[in-house]
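Please open the model and keep the sequence beside it. The report below is meant to be read with both in view.

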Amino acid sequence: TQLYVVLFLLFQILGAVILGFGVWILADKTSFIAVLQMSSPSLKTGAYILIGVGALTMLMGFLGCLGAVNEIRCLLGLYFTCLMVILITQVAAGLVIYFQKESLKEELSRIVGDLIKNYDPSNDDSKRNLEDAWDYVQAQIACCGWTGAKDWEKNEVLINQSMTAYPCSCSNSSKDLQADSGFCNLDDPTNSTMTSADWPVHEQGCMDGVEKWLKDNLGVILGVCTGVAVIELLGMILSISLCKNIHSEDYTKVPKS
């Protein structure tokens, strides 16, 4: 029974990790996740689902522990059912993401495209938080725009300035290191109408950088997901095993006639 209790406590820790990840998505204001969760309702919904799943997993860990200590079969059965529902939901979500990856990629391109087009350093606080997050992404990944710096040619502020300015967070020049947001002016524009090709910015688009990050960390992501699934399967097996043991003990306690 002590082994069961320890394992059920591990499920509470797992639930806390899942819940914490959901809270981090909502609270993050500086990374690429912040750009997504401030622009896309679907990611916010996903974060709330993670918080719900984490809280439910913690609750189930507590009930499983209580059921193991007091040998209450109904609690162990409830624990098994909830774990099975969570596992099926996770598999279904993974399949949806896999088969809808192209449409998700299109939605992501649209979100970033609208952000770049409407980027304005004079915007109010709510929009500035989103724009600051995108500036952080460009500076950290050393990229510019989604597919490339040419995306910024659709920005209304830069169009009004005849492209004689460029986003500071895209800059590959050492003099712009202190200015990591807003627009920087070209020192000596050669003519009144410039293009992104005349800017001292990174050539790589952020899409390539994000895809590279995902590929580099794909093993870790898959490993974590697989580990969570294995732990959940283990919990289901343990709860069923403990239920059977309790059932067998109940029969042995019946007096023989």
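Predicted model: local features only at pLDDT ≥ 70, side-chain atom pairs only at ≥ 80, totals over all residues.

Residues are numbered from 1 along each chain as its sequence is written, and side-chain values use heavy atoms, with hydrogens and water left out.

**Fold**

The protein chain holds eight helices and two strands. Helices (H or I, at least four residues) and strands (E, at least two) are DSSP runs, numbered from the N terminus. The order from the N terminus on is α-α-α-α-α-α-α-β-β-α. Of the 257 residues in the protein chain, 36% are buried. Here buried means under 20% relative accessible area, exposed means over 50%, and partly exposed lies in between (1.4 Å probe, protein chains only). Take the contacts between residues at least 6 apart in sequence: 69% of them join residues at least 24 apart. A contact means heavy atoms within 4.5 Å.

**Annotated segments**

An unreviewed UniProt entry lists residues 6–27, 47–69, 75–99 and 220–242 as "transmembrane region". UniProt positions follow the numbering used here, feature names are shortened, and annotations may be inferred rather than shown by experiment. Two of the stretches compare as follows.

L10 sits in helix α1 (residues 2–27). Its relative accessible area is 45%, so L10 is partly exposed. The C-alpha atoms of L10 and M58 are 9.3 Å apart, although 48 residues separate the two along the chain.

**The second largest pocket**

Rolling a probe the size of a water molecule over the atoms shows where empty space is left. The second largest pocket has a volume of about 160 Å³. Eleven residues line the second largest pocket, and I111, D114, L115, N118 and L130 are the closest to its centre. A pocket is an open set of points on a 1 Å grid over the protein atoms alone, where a 1.4 Å probe fits, with protein on both sides within 12 Å along at least five of seven lines; lining residues have an atom within 4 Å of a point. Grid points are joined across faces, edges and corners, and a volume is the space filled by probe spheres set on the points.

Which helices supply the lining? α5 (101–118) and α6 (125–141) each give at least two residues. The largest share, five residues, comes from α5. By type, the lining has four nonpolar, three polar and four charged residues. Ala, Val, Leu, Ile, Met, Phe, Trp, Tyr, Cys and Pro count as nonpolar, Asp, Glu, Lys and Arg as charged, and the others, Gly among them, as polar.

**N155**

N155 is in the loop between α6 and α7 (156–160). Is N155 buried or exposed? N155 is buried, because its relative accessible area is 0%. A polar atom of its side chain lies 2.8 Å from the backbone oxygen of I116. A polar atom of the N155 side chain also lies 3.0 Å from the backbone nitrogen of V157. Beyond neighbours within four places in sequence, N155 contacts I116, K117, N118, Y119 and F183.

**S162 and M163**

S162 is in the loop between α7 and β1 (165–167). M163 is in the loop between α7 and β1. S162 is not glycine, yet its phi is positive, near 55 degrees. M163, also not a glycine, has a positive phi of about 60 degrees. S162 is partly exposed at 30% relative accessibility, whereas M163 is buried at 9%.

How values were computed. Polar contact = N/O pair within 3.5 Å; in protein donor to acceptor, adjacent residues only side chain to side chain.
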